[in-house]
There are 2 protein chains.
Amino acid sequence: MKLSSLFLHTKREIPSDADTVSHILMIRSGMIRKLTSGSYEWMPLGLRTLRKVEQIIREEMDRINGQEVSLPLLLPKELWMETGRWNVYGKELFRLKDRKDAEFCLGPTHEEIITDIVRNEVRSYKELPLMLYQFGAKFRDEIRPRFGVMRAKEFLMKDAYSFHADEQDTDSYYQQVFEAYNKICTRCGFKYRAVEATTGAIGGKFSHEFMVLAETGEEEIVWCTECGWASNTEKAGCLPPIQQGNTDELLKPEEVHTPNMRTVEEVAAFLKAAPDKFIKSLIYLADNIPVMVLIQGIYEINEHKLMEHLGCTELMLAGPKTIETVTGAPLGFAGPVNLPGKVKIVADYTVAALQNAISGANKKDYHIKNININKDFIPESVTDLRKIIKTDTCPGCKKPVTFNRGIEVGHTFKLGTKYSKSMKATFLDKNGKEQFYIMGCYGIGVSRIVAAVIEQSNDTNGIIWPVNLAPFTVIITPVDYKDVKLKEVSDSVYKKLQENNIDVLLDDRDERPGVKFKDADLTGIPVRITVSKKTVENNQVEFKLRKSPDMKMIDIPKIIETTTYELSHY
Amino acid sequence: MKLSSLFLHTKREIPSDADTVSHILMIRSGMIRKLTSGSYEWMPLGLRTLRKVEQIIREEMDRINGQEVSLPLLLPKELWMETGRWNVYGKELFRLKDRKDAEFCLGPTHEEIITDIVRNEVRSYKELPLMLYQFGAKFRDEIRPRFGVMRAKEFLMKDAYSFHADEQDTDSYYQQVFEAYNKICTRCGFKYRAVEATTGAIGGKFSHEFMVLAETGEEEIVWCTECGWASNTEKAGCLPPIQQGNTDELLKPEEVHTPNMRTVEEVAAFLKAAPDKFIKSLIYLADNIPVMVLIQGIYEINEHKLMEHLGCTELMLAGPKTIETVTGAPLGFAGPVNLPGKVKIVADYTVAALQNAISGANKKDYHIKNININKDFIPESVTDLRKIIKTDTCPGCKKPVTFNRGIEVGHTFKLGTKYSKSMKATFLDKNGKEQFYIMGCYGIGVSRIVAAVIEQSNDTNGIIWPVNLAPFTVIITPVDYKDVKLKEVSDSVYKKLQENNIDVLLDDRDERPGVKFKDADLTGIPVRITVSKKTVENNQVEFKLRKSPDMKMIDIPKIIETTTYELSHY
């Protein structure tokens, strides 16, 4: 393509609302334009890359026998009521009515729709396993859209759903998808990790996130350099502390006056006790019922773990009124001993290892020391409820762990029978018996991948595309296209590259070389071929890879050979 | 592909709500599934054809230098307010709010969005002409969705928008698009006509519809067999009657008592006068202002012409109260003579040719005869306001016209400066002077094309695809795939066809030959190759084209040659 006929408008200035490198570079390189908060227009240059990502994903989905469909975006309330998600999904779901007052949402995900198709069309185990997938717009009414296309209200997703007759087949297919996702990440040139993750609003038995490593990532992951274990920190399991046994003498609880001291730090300093001697006692509302949650003072509660443990759909810290009702004291003096009323108490493993600990006394301006689990208070359960920290070890091999930030580009879920049961989706098994489908679902943020690639691969001059995703693989920059000789050489190189099926862009604009080079760098095209008076005199062109500062002179007859070689080794 | 791994569920029964052949066959062949009224899921088979249509359109848009973009579906109210269409568009526009109460619509068309892009990105005439296009879901809250994907609430469109520096360039580019649309129709195998059409909610200077001829079409078109003129009947111009001159003596108006006779027919019978002597006088509300519209008694008003003539955005027949206010008489006795008050009167050409005509007398139970234009009443304007009828002649060459029903698959508009003016979209011309863009816009119903093809090309057994759009071009039907020899031959033919890049489906199911043949016919695959014991004995297969009942035996080594030849002559 000739650049003069490409709708390309690069920008020198940094957009005021852009908050990450990829957002800045996508706007500056003219790939996308902002329509409104969280909503972007894909310009021709950007769309070329988006389609390349789409095609890579399509190929990998087809390879594992996925079948492409295309589903509506306006989804009827009725199906979402069957699974209960109409009520659970909350404010992220765009809802609207048609002129006849029928209610719809704009699909953020399509489990209900696909399960409805399969329950109506498939009857027998003979048709299983089955995987259907689509590419389509997805909608989420984000409270704070940000990072450009990375967290947008409207974005392009590949969503896939699989149906199986038994657990074994589900697991083995899940493994195939897992490998396909690895291939996709590899083909996109990612440094990434597949990590264990929580299941959130999708639900199901377990899930993995595909995390592209990037400082600007919204998610935090933790992984073991030794055994390969990796997890979203939300999900990451923490080992119980190594129990030291009852080495200390168990003392008698004793109230101490701690006027106006509410935090662990304040009380510790006042009592000259180490903060790890403290039991933090937090009052949560789990589906509106108060629960006291205990954890050693130096740790933080992982609310995802807590929700999963309690089996609740809503969780929030209680306000001062509830705290006072539950503990009989104002905020800052809660503790598990001498509670005035009945409240469920759950404790993190770390509490079980404490001896002669300190907590609030459920009395204004008082704490209590020398309290011991199972003697002075008995939690209903003791389990892993804490956030993993840097000094933790791998829950598998107990070796040290490493933390990274990441961008979630894919998420695979083993759903189990969550949707098939609630929607009564059954098939007849080998024995003619009705069974619920076992399901998996697998998403990839197609538009997000584009941003994630840039986030990992850029420099001060712009994007550095991997060859697979570059909107064009070669750009020819004649320093003066009006010069007859330079035009002739440029056109001939352009033609040769085209004939060899190389995606080439010819910068035929009447611009200074500096402008052309800046745009070539900004748009990240892997190979730049510069045609100047000097090079042409020697029947050569200047050859430069975007990712390297080096330039070399190439004899024009060798242009295809060199380009092909360099692209395949890029 | 092997049929056993294709998610295909053909149906024998006719869906109860299906109202046209294409709707029935798309459901029965398993191409689509209904989600809700006016909303369809594209299954793998249907999606293959849809993508082929998309690719044909893409190629033709690229050929005329169109550049593909992808725009959001949720469109902000603000841009729609700039053109005023937020208020004009009415109930067909799906509207919704986000969690911050910002208002959006689901895009039924993207003029505002694209004009906003161009006004922000383009500054100079040097970048013109420019054409941007996209494929995307479009939304219309149809009052009565019907005909399957043909009139749906959510459907796939290609919409294109062009920007020009002057009228001449706009017109010459319009002609290029016109030819591209002709190519698309030809490549889809359509019998069609491009007709002049009204511009409706899109607006602009003029437009053409691409009408696929079909009995079941929702639109009516009229065309001249002689000179090629063709028009939507809404738009079709009617010649004024051949004026006979004042051959009759102009008589004096005379009121006649016509008790309880309100219609032309009743009064004509009573007065023993021909209905063509009557002037029908209709009271309309044009943007809420009453207007009297006159037409010869045997003709009907074309409200599209009337709206355009009056330049109003809303038009409706007045109710009894308004009629009484305007004429002083109840419904059925209106006429242009002796009106009690002032009201604008417009007349169709046919009224100007009448002499000694009859109309209502604006008095209960009275008509008036012998009235004459410009003597007894003076309309503000006399123009073409009537519906064309079978006995009309071509407005160009005055030869007889033919009527047909049609399905609109494409619509091209010369918009002029309607959007650029209201949105202040300007560029600098050669002289550095600010000018409004002159625009065109061009839509094609991608999903509708699929239905229109079927509407034109089917028989009692199912769809008959043209090769270009067939989901697969060849189906191999072994009569018994469990038979080792038949499997071996089928597999080898399958492999050979695949190696020659022929889209082939192998029906490897364990089904009776009758079932396989029925599905092959229903899904409309152009070539069926049947492998049976008898054919294999002679090293042959049975070769049948979908569109013909004939079968022939082909030597297996000649399979590629024959298939290629027959497909290229299909």
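Me: Why is A:Ala274 called exposed?

Reply: A residue counts as buried if 20 or more other C-beta atoms lie within 10 Å of its own, as exposed if 12 or fewer do, and as partly exposed in between, with C-beta atoms placed from the backbone. A:Ala274 has 11 C-beta neighbours inside 10 Å and therefore counts as exposed. This is a predicted model, in which local features need pLDDT of at least 70 and side-chain atom pairs count only at pLDDT 80 or more, while totals for chains, interfaces and linings use all residues. Residues are numbered from 1 along each chain as its sequence is written, and chains are lettered from A and ligands numbered from 1 in the order in which they are written.

Me: Where does A:Ala274 lie in chain A?

Reply: A:Ala274 is placed in the loop between helix 7 (264-271) and strand 14 (279-286) of chain A. Helices (H or I, at least four residues) and strands (E, at least two) are DSSP runs, numbered from the N terminus.

Me: What makes strand 11 and strand 21 of chain A a pair?

Reply: Two strands pair if DSSP finds at least two bridges between them. Strand 11 (residues 219-224) and strand 21 (residues 401-416) of chain A are joined by 6 bridges and run antiparallel; A:Glu220 stands opposite A:Arg405 of strand 21. Strand 11 is also joined to strand 12 (residues 230-232) of chain A, by 3 bridges and again antiparallel, with A:Asn232 as the bridge partner of A:Ile221. In the hairpin of strands 11 and 12 of chain A, 5 residues lie between the strands, and A:Gly228 takes a positive phi near 90°.

Me: What makes strand 13 and strand 18 of chain A edge strands?

Reply: In chain A, 3 strands form an open antiparallel sheet in the order 13-19-18. Strand 13 (254-257) and strand 18 (357-363) each pair on one side only. Strand 13 is joined to strand 19 (residues 366-371) of chain A by 4 bridges, and A:Glu255 has A:Ile368 as its bridge partner.

Me: How do you know that the two copies are related as by a two-fold rotation axis?

Reply: Copies are superposed by least squares on the C-alpha atoms of residues with pLDDT of at least 70 in both. A rotation of 179° with 0.1 Å of shift along its axis places chain B on chain A, with an RMSD of 0.3 Å. The two copies are thus related as by a two-fold rotation axis.
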